[in-house]
There are 2 protein chains.
Amino acid sequence: MAASSIRFGPGCTKEVGMDFKNLGAKKVMVVTDSTVAKLDAMKQVIEGLEKEGIAYEVYSKVRVEPKDHSIREAIDFAKPYAPDAFLAVGGGSVIDTAKLMNLYTSCPNADFLDFVNAPLGKGLPITEKLKPLIAVPTTAGTGSETTGTAIFDLVSKKAKTGIAHRNLKPTLGICDPLNTRTMPSAVHASSGLDVLCHSLESWTAIPYYERTPRPTNPINRPAYQGANPISDIFSLQALRSTVKYLPRAVKDPDDFEAQSNMLLAATLAGVGFGNAGVHLCHGMSYPISGQNPGYKHAGYAVETPIIPHGVSVAVTAPAVFKFTGASNPERHLAAAECFGVDISQVKAESAGEVLGEALAKFLVSLGDQPRGLKHMGFKREHVDELVEGTIPQQRVLMLAPNLDVQNVEEEREQLRGLFEEAMEY
Amino acid sequence: MAASSIRFGPGCTKEVGMDFKNLGAKKVMVVTDSTVAKLDAMKQVIEGLEKEGIAYEVYSKVRVEPKDHSIREAIDFAKPYAPDAFLAVGGGSVIDTAKLMNLYTSCPNADFLDFVNAPLGKGLPITEKLKPLIAVPTTAGTGSETTGTAIFDLVSKKAKTGIAHRNLKPTLGICDPLNTRTMPSAVHASSGLDVLCHSLESWTAIPYYERTPRPTNPINRPAYQGANPISDIFSLQALRSTVKYLPRAVKDPDDFEAQSNMLLAATLAGVGFGNAGVHLCHGMSYPISGQNPGYKHAGYAVETPIIPHGVSVAVTAPAVFKFTGASNPERHLAAAECFGVDISQVKAESAGEVLGEALAKFLVSLGDQPRGLKHMGFKREHVDELVEGTIPQQRVLMLAPNLDVQNVEEEREQLRGLFEEAMEY
């Protein structure tokens, strides 16, 4: 597995000017969104750049849950500036957008669909070495500061997709717990649920030696390898930390120890799933958020309906892990144990059910989580369209244990069952 | 922390030709020793290079436990060939020598002492980006395939020292458990003891936020940062695996599961100590092996006296962790728990003693380990010289908990006590 560098510690953001100087960068494109632009994290990085006399320009129009057109706008902004390095300050949307600004300014003649995951795009490997990108996360969720993945909506195809290649990985992730202090409680919860699912999905993904097709040349291996002995260590540790610290971080925005540990957990989970992959919760989440019948999640101060990404992945988790349990009861029991379940008397055939129940209990205890799709306004008649919206997510579905991806009719049936089961927990 | 890429899996050695092609390398210097040159690992890499039509030359004269003059010879061999990449196939001596061949052919005008750790050398940071180096370990011990460290004897100063900088890290470590099948049982034991001490020392090293002096620029941070939340995960997992699999790997050379897990543990421990550092066992081991009074370790088919590196680090471990216990009882108890000790009733002030005892028991159970320095022929009158040989190892001693490095007389006294305690366990 490939890795990027991580720096962790309170106050380490301000070193970013020296980092760019050490990288030989003279002209940095700073990428952020209109909310983060006003936060202390941005103040710290701008001071750091100015102290070292590094020229920069700020692009602060990143759209939350980016769409292909918002990314094209960002790329069009970056091209004439011709930066020699990028700096992303924000959550996953910002970091992902910065990755793609870097990609398409480094490959100016490429067509936008060239690198987009097949079958929606051409899925070409990135052969160009990109410019340095430093990522400063301000949420504890996506782990995007460690991964080679960028996710967005491809509007014309009505699908969530992305670009995934190791060359997209940031050069350095600066994980400074001072930067996540400003997250509202609801954002803590939903971004923490993303971490929870990253860790659980990568821990239970099919093992690397079962992933097919096997490329003949190692450079053609996908970013998502399947579970492997090194990703396992990251995924399981992230899971343990999330179970321990997320409830505290949600309940008390001033619990700095819990918040720091959640930022670290998000990064660890990023390394885990960035090398092993995610599967059903993420694959099913894209149509859930895309086909939102009008749900507006509590604690999000927006006018329009919104299902935060973490909520859309976690809502199916009790159903998903009940379903995948039979594929590897030992791993599902180990995960249940992380939630404090006494597994000494549990039979292997109950592993999925026990983990599903532990998850449901955990979600309920967090508070403000919809107890299934029904509570977001989804009805039985939406299931077919949710299934059709999931089928194109082959890149992650191929890593799902127990799912019959070789037989699409059987796969549809299994997904239908999962969405029905996820209506209520 | 910075990381290099790791590939793990049986049979993955033969992909190395494609790896070099993907890196754009056309002329590879293959570095090995006269024993490994005859093994299957070398056959695999040569076939891989030839299949891709990559030119190469083999240097097979690496000396086990390298000395500055043996490294200079290797550099002199590499310079006229002017390779554009390096491939190391062997144990730590081979990989370390290849790192230095890469360094000094990339910086041809540098003086040999420029980069050697201060105070013996100038300790200059490596600003040059080196050529790609792929490392294929054939022992499960040093973890050198993941670290930015190269160790050798500086003969004129009668001292073990080295060069440590992140730019020395191999580009890729190919960890193929098929390559460690040829290790004799005694080599399994001693290289596994190196893994044991890497994991224990990095787990108990002073925390990263207590390390002094703090460089103002992050590029001047040493390779050894002190214990940190990411190295911790690697170190503790490596410790658990070593306790579980080393006894099996030593007892049965055909236990492929145990051997594979020990190779993985060596690599994980490498990432752990490569970022956190080692301390007393390693610092004290250098004079122990350098001042060998005539001990010849069982199972090593050599004519001259030899204390294998792993044996020289482990022999002081029971005394060292008894000494360091008071610095962080919680971590010492967590380590004791990895050995199967029931720590529920143990008081904090006994943590060091309990871990020391668990270690002694583990070493005895492995068989063929000298039960202290006395059993290697060291006597009380050797202690002063052992202490004087340890004092120059400031790079690792500064990470030792409980050691008074600010007051050299007190430090001498503490080291004297440790060597005396290590006479017998």
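Let me begin with A:Ser285, which lies in helix H8 (residues 280-290) of chain A; helices here are DSSP runs of H or I with at least four residues, strands are runs of E with at least two, and both are numbered from the N terminus. What we have is a predicted model, in which local features need pLDDT of at least 70 and side-chain atom pairs count only at pLDDT 80 or more, while totals for chains, interfaces and linings use all residues. Residues are numbered from 1 along each chain as its sequence is written, chains are lettered from A and ligands numbered from 1 in the order in which they are written, and side-chain values use heavy atoms, with hydrogens and water left out.

Is A:Ser285 buried or exposed? A:Ser285 counts as buried because its relative accessibility is 0%, where buried means under 20% relative accessible area, exposed over 50%, and partly exposed in between, with a 1.4 Å probe and protein chains only. Its side chain reaches the backbone oxygen of A:His282 at 2.8 Å. Leaving aside neighbours within four places in sequence, A:Ser285 is in contact (heavy atoms within 4.5 Å) with A:His309, A:Ser312 and A:Val313.

A second residue of chain A is A:Arg331, found in helix H11 (residues 329-338), and this arginine counts as buried because its relative accessibility is 19%. Which side chain does A:Arg331 join through a polar contact of 2.7 Å? The partner is A:Asp232, a polar contact being a pair of N or O atoms within 3.5 Å, of which, within protein, one must be able to donate a hydrogen and the other to accept it, and residues adjacent in sequence count only if both atoms are side-chain atoms. Beyond neighbours within four places in sequence, A:Arg331 is in contact with A:Trp203, A:Ala227 and A:Asp232.

Let me turn to the sheet of chain A. Six strands form an open sheet in the order E1-E8-E5-E4-E2-E3, with parallel pairing, and two strands pair if DSSP finds at least two bridges between them. The edge strands are E1 (5-8) and E3 (55-59) of chain A, each of which pairs on one side only. Within this sheet, strand E5 (residues 133-137) and strand E8 (residues 172-175) of chain A pair in the parallel sense over two bridges, and the bridge partner of A:Ile134 in E8(A) is A:Leu172.

Next comes the domain assignment of chain A, with bounds from an automatic or database assignment, which gives domain 1 (5-180) and domain 2 (185-421). Their C-alpha centres lie 25 Å apart, and 27 residues of domain 1 of chain A are in contact with 30 residues of domain 2 of chain A.

In chain B, an open sheet of six strands again has the order E1-E8-E5-E4-E2-E3, with parallel pairing. Strands E1 (5-8) and E3 (55-59) of chain B stand at the edges with a single partner strand each, so one side of each is left without a neighbour in the sheet. Four bridges join E1(B) to strand E8 (residues 172-175) of chain B, and B:Phe8 stands opposite B:Cys175 in E8(B).

Leaving aside neighbours within four places in sequence, B:Gly270 is in contact with B:Gly143, B:Thr146 and B:Thr147.
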